[in-house]
Amino acid sequence: FWDRSLRQRTKHQRRKSEDASLKAYEMPKPKGMWWWTYNRLQRAAERAESRAADDCIIAARRYLKMG
């Protein structure tokens, strides 16, 4: 589950800038991109990262229950 959320985060960050690393949160708006598009991609990347963190915690809890 959580890997899908991370892939979504990477996809949104790549659309926002060519750099998909965590530094992409600091990247300025690319020339020619509308602000509302940039902000929408930023929010989508943040939501995907939050989902990935939540899914990772859920997976860890399941793993610990099995053990």
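Which helix is the place of Arg 51 in? Arg 51 sits in helix H2, and the views below start from there.

This is a predicted model, in which local features need pLDDT of at least 70, side-chain atom pairs count only at pLDDT 80 or more, and totals for chains, interfaces and linings use all residues. Residues are numbered from 1 along each chain as its sequence is written, and side-chain values use heavy atoms, with hydrogens and water left out.

**View 1. Arg 51 and the positive surface patch.** Arg 51 is partly exposed, at 36% relative accessible area (buried is under 20%, exposed over 50%, partly exposed in between; 1.4 Å probe, protein chains only). Helices H1 (2–16) and H2 each supply at least two patch residues (helices are DSSP runs of H or I, at least four residues, numbered from the N terminus). H2 gives the most, with 4 residues.

**View 2. Gln 42 in helix H2.** Helix H2 spans residues 35–66. Gln 42 is buried, at 13% relative accessible area.

**View 3. Gln 13 in helix H1.** Gln 13 is buried, with a relative accessible area of 0%. Gln 13 and Ala 45 are 32 residues apart in sequence, yet 6.3 Å apart in space, C-alpha to C-alpha.

Terms used: Patch = residues over 30% accessible without salt bridge, like charges linked within 9 Å, V, L, I, M, F, W, Y side chains within 5 Å. Areas by Shrake-Rupley, 256 points an atom, 1.4 Å probe, with all protein chains shown as cover. Salt bridge = Lys/Arg side-chain N within 4 Å of Asp/Glu carboxyl O. Lys, Arg positive; Asp, Glu negative; His and termini not counted. Charge placed at Lys NZ, Arg CZ, Asp CG, Glu CD.
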